[in-house]
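Work through the exercises below with the sequence and the model side by side. Try each task before you read its solution.

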Amino acid sequence: MGYIEFDNTKEIDLIALGRVAVDFNPVDYYKKLTESTTFKKYLGGSPANISVGLARLGKKVGFIGRVSDDQFGDFVTDFFNNEGIDTSHIFRCKNGEKIGLTFTEILSETESSILMYRNGIADLQLSVEDIDEDYIKKTKALLISGTALSASPSREAALKALALAKKNNVVVIFDIDYRPYTWKNTDEISIYYSIVAKESDIILGSREEFDLTEKLIEEGRTDKQTAEYFHSKGCKIVVIKHGKEGSTAYTNDGNSYSIKPFPVKLLKSFGGGDGYASAFLYGLFEGMEIIDCLELGSASAAMLVASHACSQDMPTAEQLMEFIKKAKEEYGEMIARI
Ligand SMILES: Nc1ncnc2c1ncn2[C@@H]1O[C@H](COP(=O)(O)OP(=O)(O)O)[C@@H](O)[C@H]1O
Ligand SMILES: O=C(O)C[C@@H](O)[C@H](O)C(=O)COP(=O)(O)O
């Protein structure tokens, strides 16, 4: 059953809006960040990682964002160009704002932390003038990443893009993407997350992220109650992730589909969400059944938590299918299915 009706006359599959950043992941990991001395530089930023993931899977991807006018702004723009991602709407900050830097601490396979340098950040300078209706008209889907709502003028730019997407028959995907940094308080989180969530066709988030969204609506909801609420506002698919416990997609016909993680040798505990989102959305673009979309998402997520990078290690469709094939050969056809 097709829960999402994409307008396939549009030339772009997905435009993502939000931060592009630079990740510095330690090469000498499994130690404290204070002790790591060597790092590998990658493109980063959750919506940017998702964009790379979808491009690697063969989708036509665009991006709306602001980056610094320096070598790191060049680096991320060049990386996008090399991946075939449209950069016509990635703008440079002209007042010295800097791109976000993310230093990750990989203490063990299961313990990681993320140190974000976001003072005077470029991505939150995205402004309503950067939001071009003619560009948004071109895409089947717009993905809004929650951190874009954390401060003005990016907040108003994201809300303008949302309005133009609704006006132009563009599917709206809200990746809640909570990062504590930048938000003033939890009231603002709930106000702005819930505005976007109530307008979205697809929402992806962890339980914690939905709790933050629903703080000013109703607290303590179950996953089912959360899904039913956003379905009542017009959302078609609500995906609620529970880390290594797996995830469930709730569709607006009252059905739900759950998937478990694929067994994998963990390298780090982050990066899974971006792999998950890109592959899940790829499945929707391909018209797959929800459970098959979830399987793709779970597999890609597993590949990413087993990898050092969160962008550069995004799989191609061939690699993703090969990973699933091998997992099923080793663990059985129903390995990730509940
Ligand atoms: N230890 C793990 N092994 C395999 N897959 C994992 C593991 N941890 C997370 N994942 C996968 O990554 C997905 C997203 O992880 P989660 O922590 O929920 O999101 P995020 O990475 O955005 O914080 C999970 O739903 C799961 O499929
Ligand atoms: O989102 C960021 O700014 C940092 C990411 O680039 C980083 O790779 C990461 O934390 C991935 O997050 P996740 O996929 O949500 O675990």
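**Exercise 1. The shell around ligand 2**

Which element supplies the largest share of the shell around ligand 2?

Solution. Start with the ground rules. This is a predicted model, in which local features need pLDDT of at least 70 and side-chain atom pairs count only at pLDDT 80 or more, while totals for chains, interfaces and linings use all residues. Residues are numbered from 1 along each chain as its sequence is written, and chains are lettered from A and ligands numbered from 1 in the order in which they are written.

Step 1: find the neighbours. A residue is near a molecule if its C-beta atom, placed from the backbone, lies within 6 Å of it. Ligand 2 has 14 residues around it, and the nearest are Gly-44, Ser-46, Phe-270, Gly-273 and Cys-310.

Step 2: assign elements. Helices (H or I, at least four residues) and strands (E, at least two) are DSSP runs, numbered from the N terminus. At least two residues each come from β2 (21–26), α1 (46–56) and α8. The largest share is that of α8, with 3 residues.

Step 3: sort by class. Ala, Val, Leu, Ile, Met, Phe, Trp, Tyr, Cys and Pro count as nonpolar, Asp, Glu, Lys and Arg as charged, and the others, Gly among them, as polar. The shell around ligand 2 then has 8 polar, 4 nonpolar and 2 charged residues.

**Exercise 2. The shell around ligand 1**

Solution. Step 1: the shell holds 17 residues, with Lys-241, Pro-261, Gly-272, Gly-273 and Ala-301 the closest. Step 2: α8 (272–285) and α9 (290–305) are the elements that give two or more residues. The most come from α9, which gives 4. Step 3: the classes are 9 nonpolar, 6 polar and 2 charged.

**Exercise 3. The core**

Which residues have the most contacts inside the largest nonpolar core?

Solution. Step 1: define the core. It is a set of buried Ala, Val, Leu, Ile, Met, Phe, Trp, Tyr and Cys residues joined through C-beta atoms within 7 Å. Buried means 20 or more other C-beta atoms within 10 Å of a residue's own; exposed means 12 or fewer; partly exposed is in between.

Step 1: read off the answer. The largest core has 97 residues, and Leu-17, Leu-142, Ile-144, Ala-161, Ile-203 and Phe-280 have the most contacts inside it. Helix α9 gives the most to this core, with 10 residues.

Step 2: follow one residue. Two residues are in contact if their C-beta atoms lie within 7 Å. Beyond its neighbours within four places in sequence, Leu-142 touches residues including Ile-15, Leu-17, Ala-161 and Val-172.

**Exercise 4. Val-196**

Is Val-196 buried or exposed?

Solution. Step 2: count. Val-196 has 20 other C-beta atoms within 10 Å, so it is buried. Step 3: list contacts. Leaving aside neighbours within four places in sequence, they are Ile-144, Leu-149, Leu-162 and Phe-174. Leu-149 is 47 residues from Val-196 in sequence, yet their C-alpha atoms are 9.1 Å apart.
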